[in-house]
Amino acid sequence: MKGQLRLSVGCAAAFLIALLGLPLANYFFPEIMARRIFGFTLTWFILGVLFFPYVWLIAWIFIRHSIALEQQEIQSTTEGVIPGEASAAGQASVPGAASAVGRANLPGGASVPASRSTTPPQ
């Protein structure tokens, strides 16, 4: 959970730097930002051409690291399973026995199917 928070804050900070950095660069460095690049001023080049790939890069990094964090969480939760108790597919080791995977426990010992499967896709 802390990893996801750290990742989210980092990506949000990178986006805010770009979002707030351009007006600040225009204010503090007007001569540099007025230079022409490929027919555009540097300000418009950054805003119109570089901003979108920068946001896509932030999104790609976020998704890649988020998936890695989820995989680590899955590995850490499946490492606690004792071999022979349940197989990787969520099947009970005893033929004909019911599996608790994908079921939510209710008070009184009753259980119902969970609304969302917690097993990773194969």
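Me: Buried means under 20% relative accessible area, exposed over 50%, partly exposed in between (1.4 Å probe, protein chains only). This is a predicted model: local features need pLDDT of at least 70, side-chain atom pairs count only at pLDDT 80 or more, and totals for chains, interfaces and linings use all residues. Residues are numbered from 1 along each chain as its sequence is written, and side-chain values use heavy atoms, without hydrogens and water. Is Phe38 buried or exposed?

Reply: Phe38 sits in the loop between β1 (36–37) and β2 (40–41). Its phi is near 55°, a positive value in a residue other than glycine. The relative accessible area of Phe38 is 70%, so this residue is exposed.

Me: In what order do the elements run from the N terminus?

Reply: The chain holds 3 helices and 4 strands. Both are DSSP runs, numbered from the N terminus: helices are H or I with at least four residues, strands E with at least two. From the N terminus on, the order is α-α-β-β-α-β-β.

Me: What percentage of the chain's residues count as buried?

Reply: The chain has 122 residues. Contacts (heavy atoms within 4.5 Å) with a separation of 6 or more include a 38% share between residues 24 or more positions apart. The residues that count as buried make up 12%.

Me: How are α1 and α3 oriented to each other?

Reply: Helix α3 covers residues 42–78, and its axis comes within 10 Å of the α1 axis. Axes are lines fitted to C-alpha atoms, for helices over the stretch in contact, with angles from 0 to 180 degrees between N-to-C directions. The crossing angle is roughly 175°. Angles under 35 degrees count as roughly parallel, over 145 as roughly antiparallel, 65 to 115 as roughly perpendicular and the rest as oblique, so α1 and α3 are roughly antiparallel.

Me: Which residues of α1 make the contact with α3?

Reply: On the α3 side, the contact residues are Thr43, Ile46, Leu47, Phe51, Tyr54, Val55, Ile58, Phe62, His65, Ser66, Leu69 and Glu70. Facing them from α1 are Gly3, Gln4, Leu7, Ser8, Cys11, Ala14, Phe15, Ala18, Leu19, Leu22 and Asn26.

Me: Which residues does Thr43 touch, leaving aside its neighbours within four places in sequence?

Reply: Thr43 belongs to helix α3. It is buried because its relative accessible area is 14%. With neighbours within four places set aside, the contacts of Thr43 are Leu22, Asn26 and Met33.

Me: How far apart in space are Val55 and Ala14, C-alpha to C-alpha?

Reply: Val55 is a residue of helix α3. With a relative accessible area of 26%, Val55 is partly exposed. In sequence, Val55 and Ala14 are 41 residues apart; in space, C-alpha to C-alpha, the distance is 9.0 Å.

Me: What is the relative accessible area of Tyr27?

Reply: Tyr27 is in helix α1. This side of the pair spans residues 2–28. Tyr27 counts as exposed because its relative accessible area is 64%.
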